[in-house]
Amino acid sequence: MPMKILVGDEVELKKKHPCGSFFWEVTRIGADFKIRCTGCGREVMVPRHKCEKNIRKIVRESAGSEQ
């Protein structure tokens, strides 16, 4: 079952980006996730299954936007 990840959520990944940041902002959701590094601003497209496997923690951007 897919994880409940929403656009605007910040996620902490298991491996850090070369800039040193572990945190990424989710900007697009579908078969692929588009995520932006909060450290340097780099954007990458990652297949959903690979991204979900590497997520350590989900930090909700706004707790009131939950449906």
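Residues are numbered from 1 along each chain as its sequence is written, and side-chain values use heavy atoms, with hydrogens and water left out. Because the model is predicted, local features need pLDDT of at least 70 and side-chain atom pairs count only at pLDDT 80 or more, while totals for chains, interfaces and linings use all residues.

Let's start with the charges. The whole structure holds six salt bridges (a side-chain nitrogen of Lys or Arg within 4 Å of a carboxyl oxygen of Asp or Glu).

Glu-52 and Arg-48 sit four residues apart in helix 1, about one turn of the helix. Glu-52 counts as buried at 17% relative accessibility, whereas Arg-48 is partly exposed at 23% (buried is under 20% relative accessible area, exposed over 50%, partly exposed in between, with a 1.4 Å probe and protein chains only). Elsewhere, shared partners join Glu-25, Lys-34, Arg-36 and Glu-43 into one salt-bridge network.

Helix 1 (residues 48-54) also carries Lys-50, which is partly exposed at 46%. Together with Lys-14, Lys-15 and Lys-53, Lys-50 forms a positive surface patch (residues with over 30% relative accessible area and no salt bridge, like charges being joined within 9 Å).

Finally, Ser-21 lies in the loop between strand 1 (10-13) and strand 2 (23-28). Ser-21 is buried at 12%, and its side chain reaches the backbone nitrogen of Phe-23 at 3.2 Å.

Technical notes
Patch = residues over 30% accessible without salt bridge, like charges linked within 9 Å, V, L, I, M, F, W, Y side chains within 5 Å. Areas by Shrake-Rupley, 256 points an atom, 1.4 Å probe, with all protein chains shown as cover. Lys, Arg positive; Asp, Glu negative; His and termini not counted. Charge placed at Lys NZ, Arg CZ, Asp CG, Glu CD. Helix = DSSP H or I, 4+ residues; strand = E, 2+ residues; numbered from the N terminus. Polar contact = N/O pair within 3.5 Å; in protein donor to acceptor, adjacent residues only side chain to side chain.
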